[in-house]
Amino acid sequence: MTTTTDDNTPAPTAARRSWLRDHSELGVCVLLLALGVLVLTDALTMDVDITQRGPVGPRTVPVVVGAGLLVIAALLAVDVLRGGRGQAETGEDVDLSEPADWRTVSLLAGVFLGSAVLIEPLGFPLAGALLFWGAAFALGSRRPDRDPLIAAVVSFVTYAVFNNLLGVPLPGGPLMGVL
């Protein structure tokens, strides 16, 4: 129910609420702005030893990403304030009348957080296998004969590629001596 004044015009709070609803994309702009400021602040306060850096230092990528986030936030805000609106979802496989599947979202979030907690004591290969297996289960796969094997292979290959080929050290956990 909208409140009106004596001359049948919407009350200021209703008009303000309507304006905010029509410009809800500005919330994304605020989020991008906050992330950009956070990334830039972190990058510019990073302790960098001048003797350890090459032609492109460790600040370069975060500064570029942070500046990009700020530019995108500004461009999006200008577009929204000029009347630009996001398009409604028109995907063939999306039924907008159905509610969100919060069970799947919760399972995926739990699996991700569990993996983050277990990566240090178990190491990446085991925690990654649990992550991949749990994600497959949360998304609906019910193949106990195949899913753990695929999860283990993907996890071990990922560990080998990052640790051995790319030189990005990942925690090996109890399997460190085996790998």
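The buried residues of helix 5 pack against helix 4 (102–122) and helix 6 (147–165), where contact means heavy atoms within 4.5 Å. The model is predicted, so that local features need pLDDT of at least 70 and side-chain atom pairs count only at pLDDT 80 or more, while totals for chains, interfaces and linings use all residues. Residues are numbered from 1 along each chain as its sequence is written, and side-chain values use heavy atoms, with hydrogens and water left out.

Helices are DSSP runs (H or I, at least four residues) numbered from the N terminus. The buried set of helix 5 consists of F124, P125, A127, G128, A129, G134 and A138; buried denotes under 20% relative accessible area and exposed over 50%, with partly exposed in between (1.4 Å probe, protein chains only). The end C-alpha atoms of helix 5 (residues 124–138) are 20 Å apart, which agrees with the 21 Å that its 15 residues should span at 1.5 Å a residue. The expected span is 1.5 Å times one less than the number of residues. Just after helix 5, G140 adopts a positive phi of about 115°.

The charged end of R142 lies over the ring of F137, 3.8 Å from its centre. The criterion is NZ of Lys or CZ of Arg within 6 Å of the ring centre and within 35 degrees of the ring normal.

In helix 2 (residues 26–44), L26, C29, L32, G36, L40 and A43 are buried. Because these residues cover an arc of only 110° around the axis, they lie on the same side of helix 2; the arc is that of the directions from the helix axis to the C-beta atoms. The face turned away from the buried side of helix 2 carries the exposed residues V30, L31, L38 and D42.

Definitions and conventions: Helices (H or I, at least four residues) and strands (E, at least two) are DSSP runs, numbered from the N terminus.
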